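Me: Could you walk me through a few features of this model, one question at a time?

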Amino acid sequence: MFRIIGFKDFNKDNPIIIHEPSNFGSKVTKAELDQELNMVDELTMDIPLTNDFYAKSEPLVTCVEVYDVNRNKKVFDGRVVRVNNTMDGDGEFNQEVTCEGKLGYLHDTTQSFRKTQVTGL
């Protein structure tokens, strides 16, 4: 059983419960967490229109954490990278949100190149 929490930005103030594993609270219709060794973790979830987090996620700004309630441990910490709005065959609107783990942040930096020459002392 997992609890998914969203934050507006990297300050992680004012958390919004995206998915609560108990009987009451917000729910997602589908969530999948892919974790592989030496790879960037990826979380994909479908958020229904009735969820408080619907239309409140912004790519590269919104943070998401996933907790394993049974072990009381954080299993995912990352940010939203893609948001797609969909409508299924029954006419229900969902938002497919894809998140990447912290290892993916390393691709955000650009390293400058500078050629240095050895000068005499």
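This is a predicted model: local features need pLDDT of at least 70, side-chain atom pairs count only at pLDDT 80 or more; totals for chains, interfaces and linings use all residues.

Me: How many bridges join strand 4 to strand 7, and how do the two run?
Reply: Strand 7 covers residues 93-101. The two strands run antiparallel, and the number of bridges joining strand 4 to strand 7 is 7.

Me: What is the bridge partner of Leu33 in strand 4?
Reply: Strand 3 and strand 4 also run antiparallel, joined by 5 bridges. Within strand 4, the residue bridged to Leu33 is Leu43.

Me: Which elements give two or more residues to the largest nonpolar core?
Reply: That core has 15 residues, and Leu43, Met45 and Ile47 are among those with the most contacts inside it. Its contributors of two or more residues are strand 4, strand 5 (63-68), strand 6 (73-87) and strand 7.

Me: Is Val40 buried, partly exposed or exposed?
Reply: Val40 is found in the loop between strand 3 (30-34) and strand 4 (42-48). Together with Leu103 and Leu106, Val40 makes a nonpolar surface patch of about 270 Å². Buried would need under 20% relative accessible area and exposed over 50%. Because its relative accessibility is 34%, Val40 counts as partly exposed.

Technical notes. Residues are numbered from 1 along each chain as its sequence is written. Side-chain values use heavy atoms; hydrogens and water are left out. Patches are made of residues with over 30% relative accessible area and no salt bridge: like charges are joined within 9 Å, nonpolar side chains (Val, Leu, Ile, Met, Phe, Trp, Tyr) within 5 Å. Accessible areas come from the Shrake-Rupley method with a 1.4 Å probe; for residues, only the protein chains shown count as cover. A salt bridge is a side-chain nitrogen of Lys or Arg within 4 Å of a carboxyl oxygen of Asp or Glu. Helices (H or I, at least four residues) and strands (E, at least two) are DSSP runs, numbered from the N terminus. Buried means under 20% relative accessible area, exposed over 50%, partly exposed in between (1.4 Å probe, protein chains only). Two strands pair if DSSP finds at least two bridges between them. A nonpolar core is a set of buried Ala, Val, Leu, Ile, Met, Phe, Trp, Tyr and Cys residues joined through side-chain atoms within 4.5 Å.
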